[in-house]
Amino acid sequence: MPPDQPTQRDLFDHRPAWEEDDVRRGTIATVVLPDGIAKPLDYLVPEALAAAVEPGRRVRVPLGKANQMRLAYCVAVRSDELPQQPLKSIAGVEDDRPLLSRRMLDLTEWMAERWMARWGEVLEAVLPAGVRFRQQGRISPLLVASGLASPRSPTPGQARVLAAAMEPATAEQLAAASGASRAVVARLVKTGHLREVGSVEVARSARGQRAAIVHDRPAALSPAQAGALAAITGCMRESRHETIVLFGVTGSGKTEVYLQAVEETVSYGRQAIVLVPEISLTPQTCDRFRARFGTVAVLHSHLTPAERHAQWREIAAGRVNVVVGARSAIFAPTPRLGLIVIDEEHESSFKQATAPRYHAREVAEWIARAERVPLVLGSATPALETFARCLSGEWRMCRLADRVGGAELPAVITVDLRERGARSRGAVSPRLAAGIRWALDAGGQVMLLLNRRGFATHVQCQACGHAMNCPQCDIALTLHQPGSRGICHGCGLVTRVPADCPECRSPGLVQRGTGTQRLEEQVRRTFPDAAVARMDTDTMRSRGSHERTLDAFRDRQIDILVGTQMIAKGLDFPNVMLVGVVNADAALHLADFRAAERTCQLVTQVAGRSGRGPLGGRVVVQTSTPDHPAIRAAAAHDYEAFVRSELPIREALLYPPYGHVIRFVVRGADERRVAEWAGTLVDRLRAGAEPMAGGVRVLGPAPAPIPRLRERFRWHLQVHGPDGPALRQLVQRATAGLKTPDGIAWIVDVDPVEML
Ligand code: ADP
Ligand code: ZN
Ligand code: ZN
């Protein structure tokens, strides 16, 4: 009989597949490596480990021909037929409980797809280092101990400590209760006779919570505030997700709405995450939340891994209801999440600059949708992406048009720097100087914004035109005083600026452009009676200096505060009567399609610092392009006018929010090879884009705006298109299996916010 004819036995007498001898079933775990291989891998779960292998825990697996042991995240476990090729077995389990919930695993998988990152690197990014280390036996210094077994021959001190450790207590409490020293306690932790079970720092303040909750609460909300709050609490009551945008000028009471929304959340026994830009994570912001809620976990970048881990555990245990933090606080393990707030949602710091290059706003939306809780985005200058989603009806916009208490927005005076005489007194025009004098005479304070630190922004030879550049980067050296140091703001390299031109030996080196140092010096000279301070990354290096300067400014020990964008954000000083923007167009001409948006946002934000008190205020904006829509809108306190003028431009060019961008940056020491590789990428992308539906463009390759950094040449290219997923697919296909030549590194940035 020909073999393709079924027999009777085949038709009626066959045994089901699962009974066949050669088909075996088993438990298979899918694991993801933190680095190296991007693809999830399957391993057999041995019988002995069956109970311990579960999604979210890390396991040890043999890898490669040498069966080198690697840590990997278990992301799924299934009972299945075993494949023909025998699977390797999991060798061990690292964690005694899952580090990641099912939801976090789903989220990280989505993030990996959304921002073209490896799942493993996303998993590493969402878990703080302290959480990962802890499981490898490190001890958190914040410690609550509970007694375990006794040492074989305890010293009297040890015996007393163990007797006292029947209930959880801190190391200090144990030492005090037993009369033993801290060292004895520490020794017992080390030998494993005491076990750390959690941190007490937060738990202790939890008791003060109720008493503090009504502090500083205004008697009534304005109608606009009440409307916004009702929109948020309405969602909460219905367990419904909605993204609500609070579009309100500085001082319109947005923070008060967040506070009351968080109060409502906490009253339901649920948790809230409040994200703020790192730069706003000032004591001022934190105090406001602490004053209202007592127990607040503050997650900022200066926490040690152990501190962060301690906070993480308190949050996971549900002992902290309010989490305030920068970008990565969105991953706080809240078991009872009820609300997410993002303040200053337009800030570019919500996008991570290193892989995985995620945007916290979108991560927050994913989580809020999954948890069916409201997401609140607040800003005086919402990102155009945010604005567009409100215009399309997807998100709801609540406007807080006026300042609380009806305070007037400050009058804005624009000084045209092209006019003769505007620059006669250095960086401060006569009209800005007059404004400063006016404010000081009225007993008010002054803030001067200049987004360039250092003394002079470049040094140039008058004879031959030679400009002093960083030897490692194509970036002009910034002159810092004292000491005539040339500092590269790209790589940090410090060199001495010579007296004579290194090219032509003539002594005519001139210092051009004004940085905050020189501005401070000029201001001191012009206003010798005023107390002047400067706030930029140069003066704010030591821990606490930021707070000290702001406290001194609030106490009015400082009359004039000179600073970079650091002074523009989130500060509320009612006595500021004059804000001066020294060079509004500093960032306007950067090769970045968001340059105008950023400029309008920065000038609007800093202008909002003026006139918060009863004496009113003014703003002086110095600019060489007073007619630019970004400057005009900021000067008129009419951000929406800018949005109206900018959106059609973005639409015509298919830029975000109407299109998507994926940017590649190629780096290497050999410029020719960097350019070649960028060209290869462009060719492959163009070939892939051809059969696609219209609107996909590949731009480049070209040298990046910073063409050389730390001795590496930089080229970039961009892919634009109307459909995000299709664009990612194009990139995926065009780059799959590509072997990068030696000496070349390249990155892919999906929906980039930095274009330098
Ligand atoms: P924003 O966050 O929009 O800048 P804030 O919430 O900080 O505004 O409010 C500005 C100031 O007004 C704060 O000092 C705040 O305490 C106060 N404030 C807010 N809402 C009210 C209100 N309804 N009644 C009285 N004062 C309020
Ligand atoms: Zn010269
Ligand atoms: Zn450099």
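## Starting in the parallel sheet

Phe247 stands opposite Arg399 in strand 15. That pair is a handy way into this predicted model, in which local features need pLDDT of at least 70 and side-chain atom pairs count only at pLDDT 80 or more, while totals for chains, interfaces and linings use all residues. A bit of bookkeeping: residues are numbered from 1 along each chain as its sequence is written, chains are lettered from A and ligands numbered from 1 in the order in which they are written, and side-chain values use heavy atoms, with hydrogens and water left out.

Back to the strands. Strand 9 (residues 243–248) and strand 15 run parallel and are joined by five bridges. Two strands pair if DSSP finds at least two bridges between them, and the strands (E, at least two residues) and helices (H or I, at least four) are themselves DSSP runs, numbered from the N terminus. The whole sheet is open and parallel, with seven strands in the order 11-12-10-13-14-9-15. Strand 11 (296–299) and strand 15 (396–400) sit at the edges, each pairing on one side only. On average, neighbouring strands here are turned by 15° against each other, direction ignored.

Which strands does helix 10 (residues 223–237) lie across? They are strand 9, strand 13 (337–343), strand 14 (375–379) and strand 15, and the helix runs at about 150° to strand 15. For such angles, axes are lines fitted to C-alpha atoms (for helices, over the stretch in contact), and the angle between N-to-C directions runs from 0 to 180 degrees.

Now for another open sheet: four strands in the order 28-29-27-30, with antiparallel pairing. Its edge strands are strand 28 (697–709) and strand 30 (744–750), each of which pairs on one side only. From one strand to the next, the twist averages 20°.

Strand 28 and strand 29 (residues 712–721) run antiparallel and are joined by seven bridges. Leu709 stands opposite Arg712 in strand 29. There's a helix here too: helix 23 (residues 724–735) lies across strand 27 (660–668), strand 29 and strand 30, at about 30° to strand 27. In general, strands of a sheet pair through backbone hydrogen bonds, either parallel or antiparallel.

Let's look at the metals. The zinc ion (ligand 2) is coordinated by the SG atoms of Cys461, Cys464, Cys501 and Cys504, at 2.3 to 2.4 Å. Donors are N, O and S atoms within 2.8 Å of the metal (3.2 Å for Na, K and Ca), and sites may look incomplete because water is not among the atoms. Along the chain, the donors of the zinc ion (ligand 2) follow the spacing C-x2-C-x36-C-x2-C.

Is Cys501 buried or exposed? Cys501 has a relative accessible area of 0%, so it is buried. Cys504, at 32%, counts as partly exposed. The cut-offs are under 20% for buried, over 50% for exposed and in between for partly exposed (1.4 Å probe, protein chains only).

The zinc ion (ligand 3) has Cys470, Cys473, Cys488 and Cys491 as its protein donors, their SG atoms lying 2.2 to 2.3 Å away. Here the spacing is C-x2-C-x14-C-x2-C. Why is the arrangement around the zinc ion (ligand 3) tetrahedral? Because the four donor atoms subtend angles of 107 to 114°. Cys488 and Cys491 are both buried.

## A buried aspartate

Asp585 is in the loop between strand 25 (576–581) and helix 19 (595–607). At 6% relative accessibility, Asp585 counts as buried.

What does the Asp585 side chain do there? A polar atom of it lies 2.9 Å from the backbone nitrogen of Ser624. The Asp585 side chain also makes a polar contact with the side chain of Thr625, at 2.6 Å. A polar contact is a pair of N or O atoms within 3.5 Å; within protein, one must be able to donate a hydrogen and the other to accept it, and residues adjacent in sequence count only if both atoms are side-chain atoms. Leaving out residues up to four places away in sequence, Asp585 touches Gln622, Thr623, Ser624 and Thr625, where contact means heavy atoms within 4.5 Å.

## The whole chain

Ala353, in the loop between strand 13 and helix 14 (360–371), is exposed at 62% relative accessibility. Ala353 and Glu754 are 401 residues apart in sequence, yet 7.9 Å apart in space, C-alpha to C-alpha.

Overall, the protein has 23 helices and 30 strands, and buried residues make up 51% of its 756 residues.

Definitions and conventions: Tetrahedral: all angles 85-135°; square planar, octahedral: opposite > 155°, others 65-115°.
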